[in-house]
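Please consult the sequence and the coordinates alongside the text.

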Amino acid sequence: MSWKLNNLISLATYKKATVLILSVVFFFALSASEASAQKKFSKTYPASKNIRLQLTNRTGTITVQGWNRDEVRIEANLDKPIAKIIPKNKSGLIYVNVVQDNQGRDEVGDVNFNIYVPYSSSIDIETRIGNLNVSNVQGGFVRAHITSEGDITLTNIGSSGISAKNVIGDIFYDGLIQPNSKYIFTSTQGNINIRIPLESNFNLVATAPSTRNIDTGPFNNKTMKYFGTGRRLVAKFGDGSADVTATNQQGTISFLRR
Amino acid sequence: MNCEKSQNLISEYIDGELDAETCAGLKTHFAVCADCAKLHEDFASILNFCDETFFEDSLPPNPQALWCRINNIIETEVKPELAEVEKVQEIKAQPGWLTRLWASQLQFSTSQILTGFFGIALISSLLTVVGVKNFSGAADGLSENDLQPTVFEKVLAKLGVADTPEQRIERQLNERKKAIDYWKKRVEARRVRWDTDTRRTFDRNLNVIEKSVNEYTDILQEDPQDQISNEMLDAALNDKMELLREFSEL
């Protein structure tokens, strides 16, 4: 009787152990499967100092950072279904177009780029959905456009031309205002924050028609004039050698001292 | 001397204008010709009578006094009339404004000429700037009246050669709407293949843009000349078209 009882107890323990082991195996197998669903891409190109990066993404975040090397390094994390990426290195141009490379496919996973470029590069990046981040560049220009929603963050920028545009999302610019340059910030719904040195020289046209919320912060002088019952602010700071145009259809515009 | 020559010389003979030889010849003829002698006597007596009667009747008793009276009459009665006549003549004789301007220009100093030159240059420059601004369209967004038609545009619009500003805006909006309709159809055909997140994101963004489009359309219906709303509507329609076009590629 006791033998039978002992056998039954050991059988139950054995079953429990088996279930536990199978669960652990299943968990690790699943984890391994999930890990394999994300693919990494990495490639480095030799580049001149004035290289131009042109990148068009479908969905995902793009982060571009300037570095002190004469080469461009493209790293990407690709979610399933894995997107095709076919970078092209033409003379003075690194070209990546995820939309074009995956034309005709029904579903394509997010592609999150992390790209390093020489400090003096020009950057032209856009995505249909996702965030755009650019930092530490001082080249010819930075163009960062989001077709729909996502935040645009441009930090420590010394480029002589900026164009940042989205529909829903915030735009933050932290950098210099170079003479004889154009800076254009456009959003439909979000907040535009511009952080620049107080001694910057520029002509400003800021338009916020719905909110009429244009905060120039420490930037104040007698040239400031409001038009259209406060919907537009026009002003000249310093010698006005650069042009800053900020338009936010349904959001706010703020200036901060750098 | 014959009778004909004698009769032609009778007047000069009486006035004593003939030389001695001719006078002697006439006297000889009068002595032999009774008709010519008679004519000489008649003629001489008429002239003598006239000379005596004219001087006695024509000369005033006091010529000096007569001239004084005449002068007084002229000054009191005739002079005002003459003054009026002179005035009229002066008005008629006055030169036209162009003649006066030309005449006065001749008296300009060098500084006046230089000032005039710079004035003309300044006015020409201003007119050029205004003309260029009118024809190049609004760029800086500083003026509230940029949508106001220029005189040239108004004339063309009245002649039916060009659109009025309202017609132009309406035409542009119609063109934009056609393009938007095209891309909408493309998106409708593609969106069934999108995942749920993409569909939701697209709809959310399209709604945000359409909110702006409706807002500015309402404002412009009340005030078609509102420049900021015109610009914003244009930008919002561009954003809408861009959203449709770029999502139709997904």
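In chain A, strand S2 (residues 52-59) and strand S8 (residues 122-129) run parallel and are joined by seven bridges. Strands are DSSP runs of E with at least two residues, helices are runs of H or I with at least four, and both are numbered from the N terminus. Within this pairing, Thr56(A) has Glu126(A) of S8(A) as its bridge partner. The model is predicted: local features need pLDDT of at least 70 and side-chain atom pairs count only at pLDDT 80 or more, while totals for chains, interfaces and linings use all residues. Residues are numbered from 1 along each chain as its sequence is written, and chains are lettered from A and ligands numbered from 1 in the order in which they are written.

Both strands belong to an open sheet of eleven strands in chain A, with mixed pairing and the order S5-S6-S2-S8-S10-S12-S14-S20-S16-S19-S18; two strands pair if DSSP finds at least two bridges between them. Strand S5 (88-90) and strand S18 (225-227) of chain A each have a single partner strand, so one side of each is left without a neighbour in the sheet.

Chain A also meets chain B, in a contact that takes 25 residues from chain A and 24 residues from chain B; residues are in contact if their C-beta atoms, placed from the backbone, lie within 7 Å. On the side of chain A that touches chain B, S8, strand S16 (202-207) and strand S19 (232-237) each supply at least two residues.

In chain B, Arg193(B) lies in the loop between helix H8 (165-191) and helix H9 (196-222). Arg193(B) and Leu250(B) are 57 residues apart in sequence, and their C-alpha atoms are 8.7 Å apart.

How values were computed. Contact = placed C-beta atoms within 7 Å.
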